[in-house]
Amino acid sequence: MTQEYPVDRAKVEARKPIHPGVIFAEDVMPELRRNRTIGEIATLLGISRQTLHRVMAGEMAISADMAARLGKLCGNGPGIWIRLQGRYDTWEATRRLRKELKKIPTLA
């Protein structure tokens, strides 16, 4: 029997999601770097080293094109990368627009 723990949605939503490029840098790149340089990985992706660095630093959003490239390279498809970026962007927008969003009624 699995025990379920109550989830405090406010706490979960208050925590900033990790940028998908940082996830790629921390979780995927160490394994890829065992056999290849960053330049070789960038070449395999069809992008510049600078672009790869910007993505991994969380300075550049994962576009649909980049999601397709990362998904192909990792073998996990583009969906995971684009969903992670969507979650990150939504969190950022909600925080940035907080005051404006309070003024908008919810029609139900």
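**Helices, salt bridges and a charged patch**

Q: Where does Arg 33 lie?
A: Arg 33 sits in the loop between α2 and α3 (38–45). Helices here are DSSP runs of H or I with at least four residues, strands are runs of E with at least two, and both are numbered from the N terminus.

Q: Before going on, what kind of model is this?
A: This is a predicted model, in which local features need pLDDT of at least 70, side-chain atom pairs count only at pLDDT 80 or more, and totals for chains, interfaces and linings use all residues. Residues are numbered from 1 along each chain as its sequence is written, and side-chain values use heavy atoms, with hydrogens and water left out.

Q: Back to Arg 33: how accessible is Arg 33, and which residues does Arg 33 touch?
A: Arg 33 is partly exposed, with a relative accessible area of 43%. Buried means under 20% relative accessible area, exposed means over 50%, and partly exposed is in between (1.4 Å probe, protein chains only). Not counting residues up to four places away in sequence, Arg 33 touches Ile 38 and Ile 41; a contact means heavy atoms within 4.5 Å.

Q: How many helices and strands does the protein have?
A: The protein has seven helices and zero strands. From the N terminus on, the elements run α-α-α-α-α-α-α.

Q: What share of the residues is buried?
A: Buried residues make up 26% of the 108 residues in the protein.

Q: Is Val 55 buried or exposed?
A: Val 55 is buried, at a relative accessible area of 1%. This residue belongs to helix α4 (residues 49–56).

Q: And what does Val 55 touch?
A: Leaving aside residues up to four places away in sequence, Val 55 touches His 19, Gly 21, Val 22, Met 60, Ile 62 and Met 66. The C-alpha atoms of Val 55 and Gly 21 are separated by 4.9 Å, although the two are 34 residues apart along the chain.

Q: What about Gly 71, buried or exposed?
A: Gly 71 counts as buried, at 2% relative accessibility, and is found in helix α5 (residues 64–74). With residues up to four places away in sequence not counted, Gly 71 touches Asn 76, Gly 77, Pro 78 and Trp 81. Gly 71 and Trp 81 are ten residues apart in sequence and 7.1 Å apart in space, C-alpha to C-alpha.

Q: New topic: how many salt bridges does the structure hold?
A: The structure holds two salt bridges, each defined as a side-chain nitrogen of Lys or Arg within 4 Å of a carboxyl oxygen of Asp or Glu. In one, the side chains of Glu 92 and Lys 16 meet at 2.9 Å, N to O. Glu 92 lies in helix α6 (residues 78–96) and Lys 16 in the loop between α1 (9–14) and α2 (20–32), so this pair ties together parts that are 76 residues apart in sequence.

Q: And which side chains meet at 3.3 Å?
A: Those of Glu 31 and Arg 34 meet in a salt bridge at 3.3 Å, N to O. Glu 31 is partly exposed at 49% relative accessibility, while Arg 34 is exposed, with a relative accessible area of 61%.

Q: Last one: which residues form the positive surface patch?
A: Arg 98, Lys 99, Lys 102 and Lys 103 form the patch. Patches are made of residues with over 30% relative accessible area and no salt bridge, with like charges joined within 9 Å and nonpolar side chains (Val, Leu, Ile, Met, Phe, Trp, Tyr) within 5 Å. Lys 103 is exposed, with a relative accessible area of 71%, and lies in helix α7 (residues 98–103).

Terms used. Areas by Shrake-Rupley, 256 points an atom, 1.4 Å probe, with all protein chains shown as cover. Lys, Arg positive; Asp, Glu negative; His and termini not counted. Charge placed at Lys NZ, Arg CZ, Asp CG, Glu CD.
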